[in-house]
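Dear colleague,

I am passing on the structure we spoke about, together with a short account of what was found in it. Please read the notes below with the coordinates open beside you.

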Amino acid sequence: MRRIVLPALATLALATAPAAFAEQSCQLSGPPMSRAAMEKSLVAQGYTTIRSLQYHNGCYEAQGFDKNGKRFELELNASTGAINTQELRESQE
C-alpha cells in the first residue's frame, strides 16, 4: 500500500506546485489596469505589435512582436503592469 500512496502523493505535490506559484505571482495589489492602459504601457516599453492581451486570475497575458521583430509572450501583474515572466523568440513570420 505504501508503494502506491507515497509516489501518488509526490506526484500530486509536484503537479500543483506550478499552479500555486502562478497564483502567487498574479496577486493584485490594487485595482487592475484597464486593457487600454496595459496596451499603452507595453507600447511604451517597446512591445509595438500586440496580437493578444487577455486578463486571467490577476494577470494579463500578452503576445505579439517587439520593436526588433521578436515574438514575445509576457505575463504581467494586472495592478502594476510589472512583467512577471517573459519569453522572447525570433519571429517565424
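Two strands are said to pair if DSSP finds at least two bridges between them. Please keep in mind that this is a predicted model.

With that wording in place, E1 and E2 run antiparallel and are joined by seven bridges; within this pairing, Ser52 has Gln63 in E2 as its bridge partner. H2 packs on the sheet, where it touches E1, E2 and E3, and its direction makes about 135° with that of E1.

The sheet itself is open and is formed by four strands in the order E1-E2-E3-E4, with antiparallel pairing. Its edges are strand E1 (49–56) and strand E4 (83–89), each of which pairs on one side only, and neighbouring strands are turned by 10° against each other on average, direction ignored.

The largest nonpolar core has 11 residues, among them Met38, Leu42, Tyr47, Tyr60, Ala62, Phe72 and Leu74. Two or more residues of this core come from each of helix H2 (35–44), strand E2 (59–65) and strand E3 (71–77), and E3 gives the most, with three residues. In soluble globular proteins, nonpolar side chains tend to be buried together.

With best wishes

How values were computed:
Residues numbered from 1 in each chain as written. Predicted model: local features only at pLDDT ≥ 70, side-chain atom pairs only at ≥ 80, totals over all residues. Heavy atoms only, no water. Core = buried A, V, L, I, M, F, W, Y, C linked by side-chain atoms within 4.5 Å. Buried < 20%, exposed > 50% of the residue type's maximum accessible area, 1.4 Å probe, protein only. Axes fitted to C-alpha atoms, helices over the stretch in contact; angles between N-to-C directions. Contact = heavy atoms within 4.5 Å.
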